Amino acid sequence: MKRIYMDHAATTSTDVEVVKAMEPYFSLKYGNPNSIHSFGQEAREAVEEAREKIAHLIGANPSEIVFTAGGTEADNYAIKGIAWANQKKGNHIITSKIEHHAVLHSCQFLEKQGFRVTYLPVDKYGLIDPEDVKKAITDKTILVTIMHANNEIGTIEPIKEISKVVKKAGVYFHIDSVQTVGHIPIDVNDLGVDMLSMSGHKFYGPNGVGALYLRKGTRIVNLIDGGAQEKNRRAGTENVAGIVGLGKAAELAEERLTQGKEKKIVRLRDKLIKGIIDKIENVRLNGHPTKRLPGNANFCFEFIEGESMLLSLDMEGVAASSGSACTSGSLTASHILLAIGLPPEIAHGSLRLTLGKDNTEEEIDYVIDILPGIIEKLRALSPFKGNWEGLN
Ligand SMILES: *Cc1c(COP(=O)(O)O)cnc(C)c1O
């Protein structure tokens, strides 16, 4: 059976060109970039070249890029690092109810240490209102951390508008850009952010490597103590192969974005959304109709449980997800779907299909073809009866 992958928001394949670029740094060019000799110099050059490519992709200066072990570490570093470095100024942090757990749990950790956190609500599309940010800022606020786009429902937040409010108040602004880097054009100066998190495995790079963009002059405390790597900001011998892979992924992403390749994904996404809404009754699109990630389609189907849909789809060769990868397996409804106002019984029936650069028209047609039958079968078996009125 042909297998179809539509779970790109959970992770992407590592591009063959990325793997090729990484390979020499395992067994041939294995020097420690902090060593003086030629092996070390070779590795150092590779790390700095990768830093330049990543900086270029987001309009930053290479000296403002700090490598981390992924998106989760970048989020932890930004949030805890700013909180600890600026606690004399204030103890208040603003975030939203729909953040990734890397952000939410970092904020909750800080609350236990005496920081105060405001979790902003979102509208039915998952959008944060810049006015709400403005109202939440007090003279104790030291950080606003908001995701660039949501990993589950794909909504892209009005970062530029939020930035205006945050900057006017003289507060640090961090965005979790893990879902957007490499997928939509980004310029940190145009967006007006001080910090931005990214992760390699969400845009065809390797797992376990990411970066934090840290605007020059930002007051931050380190998370990892040890050697003087990353200009004293992140200790530990560099993951040279991983960093080279992240750099290559950034270079390839920039090429795709320059060529407007994400438009093909948007077209396939819209075809998928239309096909499913046209062919299935009592289905609802979650997230914003247009302000959404190129590859994201997310639905709720009345009377159906998400896990059963995933299992049925998997038996037909289609890999999808319900809620986010981290929450599937637990029985609580997604905090994101609850935040956009869905009742738990509807939120349980969610299906996320996330497309990547290699998905084809035929694959879209196949999913549109098989899904109605799956839904019909599951509905016939379903014990759930909920109130669907007024949800669309
Ligand atoms: C995947 C993801 C993360 C975590 O990144 P890792 O590299 O997997 O640690 C953080 N935020 C968002 C929005 C994500 O989608």
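## Charges over aromatic rings

A charge is taken to sit over a ring if NZ of Lys or CZ of Arg is within 6 Å of the ring centre and within 35 degrees of the ring normal. The model discussed here is a predicted one. In this model Lys357 is placed over the face of Tyr204, with a distance of 4.8 Å to the ring centre. Lys80 is likewise found over a ring face, that of Phe109, at 4.5 Å from the ring centre.

## Aromatic pairs

A pair of aromatic rings is described by the distance of the centres and the angle of the planes. Three aromatic pairs occur in the structure. One of them joins Tyr30 and Phe39, whose ring centres are 5.5 Å apart and whose planes meet at 35°, so that this pair is classed as tilted. Tyr30 counts as exposed because its relative accessibility is 53%, whereas Phe39, with a relative accessible area of 37%, is partly exposed.

Another pair is formed by Trp84 and Phe109, with 6.4 Å between the ring centres and 75° between the planes, and it is therefore edge-to-face. This pair links distant parts of the chain, since Trp84 belongs to helix H4 (residues 71–85) and Phe109 to helix H5 (residues 101–112), the two being 25 residues apart. Both partners are partly exposed: the relative accessible area is 25% for Trp84 and 34% for Phe109. Phe109 is also the ring over whose face Lys80 lies.

Is Arg51 buried or exposed? Its relative accessibility is 7%, and because buried means under 20% relative accessible area, Arg51 counts as buried. Arg51 is located in helix H3, which spans residues 38–58. When neighbours within four places in sequence are left aside, the residues in contact with Arg51 are Arg44, Pro62, Ile65, Phe67 and Glu230.

Glu230, one of these contacts of Arg51, lies in helix H9 (residues 229–232). Glu230 is itself buried, with a relative accessible area of 7%.

## Positive phi angles

Glu230 also stands out in its backbone, as its phi is near 50°, which is a positive value in a residue other than glycine. Asn282, again a residue other than glycine, has a positive phi near 50°. Asn282 is situated in the loop that runs between helix H11 (262–279) and strand E9 (283–285), and at 34% relative accessibility Asn282 counts as partly exposed, whereas Glu230 is buried.

Notes. Residues numbered from 1 in each chain as written. Predicted model: local features only at pLDDT ≥ 70, side-chain atom pairs only at ≥ 80, totals over all residues. Heavy atoms only, no water. Helix = DSSP H or I, 4+ residues; strand = E, 2+ residues; numbered from the N terminus. Buried < 20%, exposed > 50% of the residue type's maximum accessible area, 1.4 Å probe, protein only. Contact = heavy atoms within 4.5 Å. Phe/Tyr/Trp six-rings, centres within 6.5 Å; stacked < 30°, edge-to-face > 60°.
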